[in-house]
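Subject: Handover of a structure

Dear colleague,

Please find below the structure that I am handing over to you. A description of the findings comes after it.

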Amino acid sequence: MILDRLIPARVAGIDSLGPTLKRFRFEPESGRFPTAAPGAHILVTLRGPERVWKNAYSLVTPPDQRDGYAIIVRRVRDSRGGSHFLHDHLRPGDRVEIGPPASLFPIASLARRHILIGGGIGLTPFLSYVPVLRARGAAFELHQYCTDEETGIFRELLAEAGAGVTVHGETSRRSFTEVLTDQPLGTHVYTCGPAGMMEAVEAAARDLGWPEAAIHKESFGGAEGGRPFRVTLARSGRTLDVPETQSLLEALETAGIEAPCLCRGGACGVCLTGVVDGEIEHRDHVLTEEERAGGRLMATCVSRARSDVLVLDL
Amino acid sequence: MIDQGIKSRPTYEALRRDPTGRRHLYLCAGEGPAPDALSDGPLESWTVAPAAAEGTLRRPQGEGERRFRSSRQLLDTLGRRLAGERMGLRLYAEGPEDFLWDVFGIAQDHGLGRSEVFLKQSGTLARRVQCVHCKTFNEGVTTTIVRCAGCGANLFVRDHFSRRLSAFQGVKIDAEQPGDVPQAERAYP
């Protein structure tokens, strides 16, 4: 079930995990949060002085924990501002609104064995997988790839994850092919991290003959900025500008338009919107090659314009 | 009587090599050989020749060719083989429907998913029929009505096929009016 009501919550605490990593803990204003699924994310609405962000973050708390949620966020240099706001302005006690958890990255129930491959902060969905896999007695390995500086941070986050965990720094790390070679039938691989890394994991698995159904990617963090462009809404005749650091979806929301969305990372397809005119730069993981070439649909959360103007069927 | 309009029956397509696989194993309930569309690359081939054919067939020559004395022996060997297999294998099975789904069941028990197993019906259309009353499996049924080897009931052979049991469903035909058993027709040669 997808609930669409926002849940009022407060910042219960902020833990600094490293120079650019913080854990934010939220508690509900009243009652309890909904039960999440492993790999679920929440949309956090952040109200800054000048703009509002709705950003998706994976829950790092166990799925059945309902008295509090936690997320871990990296402060990224060229972000659209959400992570800066979280890191620099959010304080314990501040109020936030949280969307109900949704999972687009479930554990495959038929899998016999699970290989989880995280890259950097892409570890976060797996932090909610691990307690579930352990409770099920499932066979799993978790491989976390990160910089040498951060191996300590991630080892600590994974201290209770059990024996199947390996944290790979930059030196002497095992290749994805080594990790995936010689796995028994029924093994599934899950990966979350930078796009290039996820593609490399997928390529290694394919190369070893793994079927598509056994390869799972979490495709978050796709909403990068880009060239500014102008949007005309065909039905209302309104025009708005999408600046460099804002996504089209955010620009629509800023203009007070209730645009549909769920993952905000180009993975779910809920935000797909008709395009009447203009050239699209597709960045989603939903549309087929044919649909892309057709140029009549776009994911507003991540995709942008190649032309100066886009005309949307809105 | 033959088409009972049951839409859940499996349908089968000609076997083609799945190029995304790294190792390929062809299983045939008969003597083979593997279709050409499978053979453009390394292929293991397991076939069955009954004991009566001994001495009349050439010996398997190619690498990865094995011949079994019964499909039962082939299936038992398959289970042991899959227990040690690794990701990247594709299975292709050809034969009567009960053999195909026995293969599929063994494959599933060892972790292979739907996209890693390919099935093609060939040979006899005779059915394995499970009596819904006493659960006995009746092998090689070619008629629309069969007397259950377990409980003696006269079973109507439905088109309802269980992939899990690799069997069609047989239901007592004269339950309403005992003794009212129509003439059986030979329908599944």
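Predicted model: local features only at pLDDT ≥ 70, side-chain atom pairs only at ≥ 80, totals over all residues.

Residues are numbered from 1 along each chain as its sequence is written, and chains are lettered from A and ligands numbered from 1 in the order in which they are written.

Chain B

The C-alpha atoms of chain B occupy a box of roughly 60 × 40 × 25 Å along the principal axes. Chain B contains two helices and 10 strands (DSSP runs, of at least four residues for helices, H or I, and at least two for strands, E, numbered from the N terminus). Along the sequence their pattern is β-β-β-α-β-α-β-β-β-β-β-β. Of the 189 residues of chain B, 34% are buried; a residue is buried if 20 or more other C-beta atoms lie within 10 Å of its own, exposed if 12 or fewer, and partly exposed in between, with C-beta atoms placed from the backbone. Among contacts in chain B between residues at least 6 apart in sequence, 52% join residues at least 24 apart. Two residues are in contact if their C-beta atoms, placed from the backbone, lie within 7 Å.

An open sheet of five strands in chain B has the order E7-E6-E10-E9-E8, with mixed pairing (two strands pair if DSSP finds at least two bridges between them). Strand E7 (137-141) and strand E8 (145-147) of chain B stand at the edges; each has a single partner strand, so one side of each lacks a neighbour in the sheet. Within the sheet, strand E9 (residues 154-162) and strand E10 (residues 167-172) of chain B run antiparallel and are joined by five bridges. In E10(B), Gly170(B) is the bridge partner of Val157(B).

Chain A

Chain A is divided into domain 1 (7-98), domain 2 (113-218) and domain 3 (229-312), with bounds from an automatic or database domain assignment. The centres of domain 1 and domain 2 of chain A, taken over C-alpha atoms, are 24 Å apart. Between these two domains, 15 residues of domain 1 of chain A are in contact with 10 residues of domain 2 of chain A.

Met198(A) lies in helix H5 (residues 195-207) of chain A. Met198(A) counts as buried because it has 21 C-beta neighbours inside 10 Å. Neighbours within four places in sequence aside, Met198(A) is in contact with Thr191(A), Gly193(A) and Lys217(A).

The contact between the chains

The contact takes 16 residues from chain A and 15 residues from chain B.

Yours sincerely
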